[in-house]
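User: I'd like to work through the labels on this model one by one. Please tell me what each call rests on.

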Amino acid sequence: MGWVRMRVRVRSPPVMQSKLLCLSLLYLLTTLPLALYVSFSDPASRCLVFLPFRSSAPSSAASAALFEYPREYGEHKHAIPATRALCSDPAVFSGRSLSVREGHYKTVLEEINKLCRNLSASPYAKPALRYQNGRRNSFAGNLSTVERRSFFNHTDSAVEIPCGFFKEFPVRESGDFFGQFAFFIEEKILVAHRLAMEKCNGVVVASAIFNDHDKIRQPKGLGSETLRTVCFFMFIDDATHRVLASHNILAGERGEAGTVGAWRVARLVAGAGGDHRLPYENPAMNGVIVKYLLHRLFPNARFSVWVDAKMQLTVDPLLLVHSFVAGKGADMAVSKHPFNLHTMEEAIATARWRKWGDVDAIRAQMETYCRNGLQPWSPIKLPYPSDVPDTAIIIRRHGLASDLFSCLLFNELEAFNPRDQLAFAYVRDQMSPKVIMNMFDVEVFEHIAVEYRHNLKRGNGGAGGKQGITRMASSGDIAGSSCERYLLKMWGETTE
C-alpha cells in the first residue's frame with residue numbers, strides 16, 4: 001500500500017492575523033500597569049526612582065506626628081493625580097538637591113533669617129506703601145474703573161493706595177489696623193492672635209477655608225527648625241468651625257486660640273450674636289482678603305507663602321522662598337497655568353466650566369479690560385512667559401512692587417469677581433513699578449505640592465455669581481466688541 005503524502009498548513013488563529021489588533025494588545029499590556037500606578041500611587045513619591053534627587057517629603061510616620069486626624073475626617077481622600085511628566089523635567093532648586101539635607105537646609109535657614117533681620121540694608125529693600133483709611137460702603141471702597149486705574153502708576157511714595165479695610169465693622173472701633181480687622185476674630189482670642197500676627201517678622205505661610213470647602217492638611221517635608229521659625233496661619237469661618245468641632249479637631253465650644261498640627265487656627269466671626277456679616281456674601285471673596293492682603297494682616301512679615309486649602313505642601317516653605325524668590329531676585333513667584341496662555345482663554349474656560357455663574361459679568365469685565373489696554377500674550381511680554389497663572393500657591397517678598405500688585409489686584413476682584421486669573425495680566429502689565437515675577441513651570445508646581453478635590457457641595461458648589469441655570473457664552477459675531485482686536489490677535493488673524 002502506498003503512502004499518501006499530505007501537506008499540512010498550520011495557520012494562526014484569525015484573531016492573531018490582525019497586526020493592528022496585536023499592536024493594540026501590546027500597547028494595552030504595557031500602559032495598563034503604568035496607568036494603575038499613576039492613579040493609585042502617591043504623587044509626591046512617584047518619580048523617586050528616576051529623579052536625580054529625593055523628595056523632601058517625610059515618611060508617613062513623621063507626617064502623622066504633626067496631627068492625628070480622626071479617620072472619618074478624610075483629610076487624605078481625593079488627591080488629584082499629577083498630569084505632567086515629573087520625571088522629564090525635575091525641579092532643581094538653586095542647582096542643588098531638593099531634599100532637606102542638613103547642610104543645605106541650615107544654609108537656607110541662615111540666609112532667610114539674615115535677609116529678614118537686615119532687610120533695610122539689603123539690595124531688595126524698597127519703601128513701604130502708604131494706605132488709605134476711612135469708611136466707605138464696601139470693603140475695598142467700591143472704586144470706579146477710572147479711580148482704580150489712577151493708582152496703577154505709583155511714582156509718588158506720598159500717595160496713599162486703597163487696599164481694603166474701608167467697611168465699617170461692628171467690633172472695636174479703635175482706629176488702628178487691627179481694630180479695623182477685629183470683627184474677624186472673637187473678642188477673647190483677639191489679643192492672642194494680634195500678638196502672634198505682629199510677632200511674625202520672617203516667613204508666614206497662610207491658608208483659609210470658608211464654608212467648609214476643604215480639609216485642613218498638614219505640610220510635609222518640614223526642616224528641623226521650620227515650625228519654630230515660620231508662622232503657619234489657617235483662617236476659618238463659622239461653617240468650617242462647626243465641621244471641625246464635630247470631629248473634635250478643635251478644642252472648646254467657642255474655638256479658643258489653638259493649633260491643628262502645624263497650623264494656628266484663627267476663627268473669623270461675623271459679629272456678636274450673629275447680627276453682622278463678613279465683608280462679602282460670597283465665601284470666595286472673603287478668602288481673597290487673606291490671599292492678597294497678607295502684607296496688611298502680617299505687617300512685619302518679610303516673606304509669605306499663600307497655599308490654597310486644596311493644596312498640601314510637600315516642600316519646606318523656607319526652601320520655596322529661597323529658591324523661587326530670594327535666590328532669583330524676584331518680588332513674587334507663581335506657577336504658569338497648565339493649559340491657558342491668554343487671559344481670554346481663561347475667561348472662556350471660566351464661563352464654560354461654570355467657575356463663575358454670571359457670564360454677562362465676565363463679558364463686561366473683559367470688555368472693560370480690552371478698552372483699557374489688555375493685550376493677548378506675545379513674546380513682547382517676556383520675561384513674563386504667560387498671562388495666566390495658577391495661583392493656588394503664591395510666594396512673595398513683601399515690598400513695594402508685590403504689595404502694590406496685591407492691592408491693585410484685590411481692588412479688581414471686588415469690582416468684578418474673585419477669579420483672580422482674569423485680572424492678573426491686566427494689573428501686572430500696566431502697573432508701575434513693574435513687579436519682578438518668577439512664573440515657574442507646572443511640572444515644578446506638581447512636585448512641590450499635592451492637589452486635592454474640594455469637598456462636595458450640593459447646589460452650585462460655591463461657584464458664585466447669579467444662581468440657577470448658567471447661561472453659556474454666545475459664539476456670535478464679535479464685530480463692534482472692544483475685545484475684537486484682542487481676539488483677532490490671539491487667533492493670529494492680525495498683528496496690529
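Analyst: Let's start with a cysteine pair: C370 and C483 are both buried. That label means under 20% relative accessible area, with exposed being over 50% and partly exposed lying in between (1.4 Å probe, protein chains only). Keep in mind that this is a predicted model, where local features need pLDDT of at least 70 and side-chain atom pairs need 80 or more, while totals for chains, interfaces and linings use all residues. Residues are numbered from 1 along each chain as its sequence is written, and side-chain values use heavy atoms, leaving out hydrogens and water.

User: How do you know that C370 and C483 form a disulfide?

Analyst: Their sulfur atoms are 2.1 Å apart, and a disulfide is a pair of cysteine sulfur atoms within 2.5 Å. The pair passes, therefore, on the distance between the two sulfurs.

User: What is the handedness of the C370 and C483 disulfide, and why?

Analyst: Right-handed, because the torsion about the S-S bond is about 100°. The two cysteines come from distant parts of the chain, 113 residues apart: C370 is in helix α13 (residues 359-371), and C483 is in the loop between β12 (449-451) and α17 (484-490). For those names, helices are DSSP runs of H or I with at least four residues, strands are E runs of at least two, and both are numbered from the N terminus.

User: How many disulfides does a search of the whole structure find?

Analyst: Three. One of them pairs C200 with C231, whose sulfur atoms sit 2.4 Å apart. The torsion about that S-S bond is 125°, and the link is right-handed.

User: What makes C200 and C231 count as buried?

Analyst: C200 has 1% relative accessibility, so it gets the label. C231 gets it too, because its value is 17%.

User: Which cysteine does C163 pair with, and how do you know?

Analyst: C163 is joined to C407, with an S to S distance of 2.1 Å. This link is left-handed, with -80° about the S-S bond. C163 is in the loop between β2 (160-161) and α5 (177-181) and C407 is in helix α14, so the parts tied together are 244 residues apart in sequence. Both cysteines are buried.

User: Why is α14 called oblique to α15?

Analyst: The axes of α14 (residues 400-415) and α15 (residues 420-430) come within 9 Å and cross at roughly 130°. That makes the pair oblique: under 35 degrees is roughly parallel, over 145 roughly antiparallel, 65 to 115 roughly perpendicular, and the rest oblique. The axes are lines fitted to C-alpha atoms, for helices over the stretch in contact, and the angles run from 0 to 180 degrees between N-to-C directions.

User: Which residues meet where α14 packs on α15?

Analyst: From α14, F405, L408, L409, E412 and L413; from α15, D420, A423, F424, Y426, V427 and R428. By class, that contact has eight nonpolar, no polar and three charged residues. Contact means heavy atoms within 4.5 Å.

User: What makes G261 partly exposed?

Analyst: G261 has a relative accessible area of 22%, so it is partly exposed. G261 lies in the loop between β5 (258-260) and β6 (263-267). Not counting residues up to four places away in sequence, G261 touches L66, F67 and Q218.

User: Is Y280 buried or exposed, and why?

Analyst: Buried, because its relative accessible area is 15%. Y280 is in the loop between β6 and α9 (283-292). Leaving aside neighbours within four places in sequence, the contacts of Y280 include F139, A140, F410 and E414.

User: How much of the chain counts as buried?

Analyst: 51% of its 496 residues.

Definitions and conventions. Nonpolar A, V, L, I, M, F, W, Y, C, P; charged D, E, K, R; others polar.
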